[in-house]
Amino acid sequence: MPTTKTLREGSTVKRAAILSAARELFLADGFDRSSVDAVAARAEVSKRTVYDYFGDKQTLLQAVVDSVGQSLITTIRRTLDDTLTDVTESADLEDALITFSMSIATDMLGSAEYATLQRLVRAESGNLPHRGYNAMANTPDEAIADRFAALAEAGLLDAPDPRLAADQFIALSFGVALDRLGSANAAEDTRVRPLVVEGVRTFLRAYRTR
């Protein structure tokens, strides 16, 4: 008889296989033309297993979108760790924030995962829980706010409201690029970097500790 641990590992593998199969089919054929039978066949599981794990096709679509969003959130957290964890001097803060922003603008906003999320949300908005459904919600803003709170505690930022500082940082850097260019993908558009750099400098003029 299989152990509980074996069952749990098997379940994780099956869930991942179903999500991967559904993602491929939804992108290639669209939600309406992708059947649960086709998802099950590609994932090499039974149709019943798909229903047992996800209930219905719309819930499966949401799970696919959410899994892509979670992957992008993981990228953001890793980038924060790589670029803003060890900053101890005010003189290094501008370069660190620019490095973080440009890493996001290339590694995340220029990634296949981000393109997948955009395509699914645009094409299948009518099949998601509500119009404008956001799989990432407020998590990136909160992750940046947590790091800004640490920088404020270290005396590098004057940010009594770290979440507001994070929102304004995002608006000044990526938001300006999105408004002006329609994209903040620095991997494809060299105009993104100057906008991001100036956004970081504007942010620091307001928030750097005097």
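Angles under 35 degrees count here as roughly parallel, over 145 as roughly antiparallel, 65 to 115 as roughly perpendicular and the rest as oblique. This is a predicted model, where local features need pLDDT of at least 70, side-chain atom pairs count only at pLDDT 80 or more, and totals for chains, interfaces and linings use all residues. Numbering runs from 1 along each chain as its sequence is written, and side-chain values use heavy atoms, with hydrogens and water left out.

Here are the two helix pairs, with axes fitted to C-alpha atoms over the stretch in contact and angles running from 0 to 180 degrees between N-to-C directions. Helices are DSSP runs (H or I, at least four residues), numbered from the N terminus.

| Pair | Axes come within | Crossing angle |
|---|---|---|
| α8 (residues 162-181) and α9 (residues 192-207) | 9 Å | roughly 155° |
| α2 (residues 36-43) and α3 (residues 47-54) | 8 Å | roughly 100° |

So α8 and α9 are roughly antiparallel to each other.

V36, D37, V39 and A40 of α2 touch K47, V50 and Y51 of α3.

Now to the loop between α1 (4-29) and α2, where S34 sits. At 2% relative accessibility, S34 counts as buried (under 20% relative accessible area; exposed is over 50%, partly exposed in between, with a 1.4 Å probe and protein chains only). Leaving aside neighbours within four places in sequence, S34 is in contact with L25, F26, D29 and K57.

Terms used. Helix = DSSP H or I, 4+ residues; strand = E, 2+ residues; numbered from the N terminus. Contact = heavy atoms within 4.5 Å.
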